[in-house]
Amino acid sequence: MSEDHRAIGADGPAGESRRAVDTATEAGPPYAECVLCREPTEYPESHKGITLCPVCAWQEAQRTACSG
């Protein structure tokens, strides 16, 4: 195999999907920032209340589920 072929395999679908998500986020309406990590969320900037990205929302759910 040539070096070029390995580079193509290294990019793979995961790299392409990340670029697709970034492009979709940039093309959409202005999104609110996550209050914990400042990443864009799926909510518009006009959304009221605490906005969390999907990762922080999942982590918060894990913390509150185990706190009894």
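## Salt bridges, contacts and surface of a predicted model

The structure holds 2 salt bridges. It is a predicted model, and the confidence of the prediction is taken up after the overall layout.

### Overall layout

The protein chain contains 2 helices and 2 strands. Along the sequence these elements follow the pattern α-β-β-α. Helix α1 covers residues 3-27, strand β1 covers residues 31-33, strand β2 covers residues 40-44, and helix α2 covers residues 54-66.

Of the 68 residues in the protein chain, 12% are buried. The chain exposes about 5,700 Å², and carbon and sulfur atoms supply 56% of that area. Take the contacts between residues at least 6 apart in sequence: 2% of them join residues at least 24 apart.

### Confidence

The mean pLDDT of the protein chain is 73, and 57% of the residues score at least 70. Among the elements, helix α1 has the lowest mean pLDDT, 47, while β1 has the highest, 94. Over residues 1-21 the pLDDT is below 50, and this stretch has 3 contacts in the model beyond near neighbours in sequence.

### The two salt bridges

Which side chains meet in the salt bridge with an N to O distance of 3.1 Å? They are those of Arg38 and Glu33. Glu33 is found in strand β1, whereas Arg38 lies in the loop between β1 and β2. Arg38 is exposed, with a relative accessible area of 58%. Glu33 is partly exposed, with a relative accessible area of 42%; it does not count as exposed because that class requires over 50%.

The other pair is Glu60 and Arg63, whose side chains meet in a salt bridge at 2.8 Å, N to O. Both residues belong to helix α2, and because they are 3 residues apart there, about one helical turn separates them. Glu60 is partly exposed at 31% relative accessible area, and Arg63 is partly exposed at 47%.

Arg38 has a further feature in its backbone. Its phi is near 65°, a positive value in a residue other than glycine. Most residues other than glycine have a negative phi.

### Contacts around Glu33, Thr41 and Thr51

The contacts described here leave aside neighbours within four places in sequence. Glu33 is in contact with Arg38, Glu39, Thr41 and Thr51.

Where does Thr41 lie? Thr41 is in strand β2. Is Thr41 buried or exposed? Thr41 counts as buried because its relative accessibility is 6% and the buried class takes values under 20%. Its contacts are Tyr31, Ala32, Glu33, Cys34, Thr51, Leu52 and Cys53. A polar atom of the Thr41 side chain also lies 3.2 Å from the backbone nitrogen of Tyr43.

Thr51 lies in the loop between β2 and α2. Thr51 is buried, at 5% relative accessible area. Thr51 is in contact with Ala32, Glu33, Cys34, Val35, Thr41 and Tyr43.

The table lists the relative accessible area of several residues discussed in this report.

| Residue | Relative accessible area | Class |
|---|---|---|
| Glu33 | 42% | partly exposed |
| Arg38 | 58% | exposed |
| Thr41 | 6% | buried |
| Ile50 | 68% | exposed |
| Thr51 | 5% | buried |
| Glu60 | 31% | partly exposed |
| Arg63 | 47% | partly exposed |

### A nonpolar patch on the surface

Which residues form a nonpolar patch on the surface? The patch consists of Val35, Leu36 and Ile50, which together have about 330 Å² of accessible area. Ile50 is placed in the loop between β2 and α2. With a relative accessibility of 68%, Ile50 counts as exposed. Thr51 lies in the loop between β2 and α2 as well, but Thr51 is buried.

Ile50 can also be located relative to Glu33. The two are 17 residues apart in sequence, and their C-alpha atoms are 9.6 Å apart in space. Val35, a member of the patch, is in contact with Thr51.

Notes. Residues numbered from 1 in each chain as written. Predicted model: local features only at pLDDT ≥ 70, side-chain atom pairs only at ≥ 80, totals over all residues. Heavy atoms only, no water. Patch = residues over 30% accessible without salt bridge, like charges linked within 9 Å, V, L, I, M, F, W, Y side chains within 5 Å. Areas by Shrake-Rupley, 256 points an atom, 1.4 Å probe, with all protein chains shown as cover. Salt bridge = Lys/Arg side-chain N within 4 Å of Asp/Glu carboxyl O. Helix = DSSP H or I, 4+ residues; strand = E, 2+ residues; numbered from the N terminus. Buried < 20%, exposed > 50% of the residue type's maximum accessible area, 1.4 Å probe, protein only. Contact = heavy atoms within 4.5 Å. Polar contact = N/O pair within 3.5 Å; in protein donor to acceptor, adjacent residues only side chain to side chain. pLDDT = per-residue confidence, 0-100.
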